[in-house]
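Q: I would like a close look at one part of this model. Please keep it brisk and connected.

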Amino acid sequence: MPADAAKGQSLLSEEEVRNVAKLARLDLRADEIVRMAGELSAIVGYVQKLGELDTTDVPPTAHVRLARAPLRDDAPRPCLSHDDALAEAPRVAHDGFAVPAFVDD
């Protein structure tokens, strides 16, 4: 555990947690803000601790090399006809799937 978090000192303030919660559109109670400040401070502390590691001799192999990934040919293939695609639809309108409106005018 990071030294600051172990001493009970938060790396993130309650105000910073409120700001992040607002950006994420979360409505947190006061007790949740206090708890999140502690938990997020511990996470930030662990990330800071990882930054202290000497990785000079570690090869950069922790990612996928997409240049070597096998790719399929990008060629047209047969698919469902328009009528077959709409055959099982509960409702059809304007030659497509009918969906309920979700925005009131």
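At what angle do helix H2 and helix H3 pack, and how far apart are their axes?

A: This is a predicted model, where local features need pLDDT of at least 70, side-chain atom pairs count only at pLDDT 80 or more, and totals for chains, interfaces and linings use all residues. Residues are numbered from 1 along each chain as its sequence is written, and side-chain values use heavy atoms, with hydrogens and water left out.

Helix H2 spans residues 14-23 and helix H3 spans residues 30-51. They pack at an angle of about 100 degrees, with axes 9 Å apart. Helices here are DSSP runs (H or I, at least four residues), numbered from the N terminus. Axes are lines fitted to C-alpha atoms over the stretch in contact, and angles run from 0 to 180 degrees between N-to-C directions. The angle therefore makes H2 roughly perpendicular to H3 (65 to 115 degrees counts as roughly perpendicular).

H2 brings Glu 14, Val 17 and Arg 18 to the contact. H3 brings Ile 33, Val 34, Met 36, Ala 37 and Leu 40. Contact means heavy atoms within 4.5 Å. By class, the contact residues are 6 nonpolar, no polar and 2 charged. Ala, Val, Leu, Ile, Met, Phe, Trp, Tyr, Cys and Pro count as nonpolar, Asp, Glu, Lys and Arg as charged, and the others, Gly among them, as polar.

Arg 18 also pairs within H2. Its side chain meets that of Glu 15 in a salt bridge, 3.4 Å from N to O. A salt bridge is a side-chain nitrogen of Lys or Arg within 4 Å of a carboxyl oxygen of Asp or Glu. Glu 15 and Arg 18 are 3 residues apart in helix H2, so about one helical turn separates them. Glu 15 is exposed at 52% relative accessibility, while Arg 18 is partly exposed at 39%. Buried means under 20% relative accessible area, exposed over 50%, and partly exposed in between (1.4 Å probe, protein chains only).

Elsewhere, Lys 49 and Glu 52 form a salt bridge at 3.6 Å, N to O. The whole structure holds 6 salt bridges.

Now to Ser 41, in helix H3. Ser 41 is buried, with a relative accessible area of 2%. A polar atom of its side chain lies 2.6 Å from the backbone oxygen of Ala 37. Beyond its neighbours within four places in sequence, Ser 41 contacts Ser 10, Leu 11, Leu 12 and Met 36.

Technical notes: Helices (H or I, at least four residues) and strands (E, at least two) are DSSP runs, numbered from the N terminus. Angles under 35 degrees count as roughly parallel, over 145 as roughly antiparallel, 65 to 115 as roughly perpendicular and the rest as oblique. A polar contact is a pair of N or O atoms within 3.5 Å; within protein, one must be able to donate a hydrogen and the other to accept it, and residues adjacent in sequence count only if both atoms are side-chain atoms.
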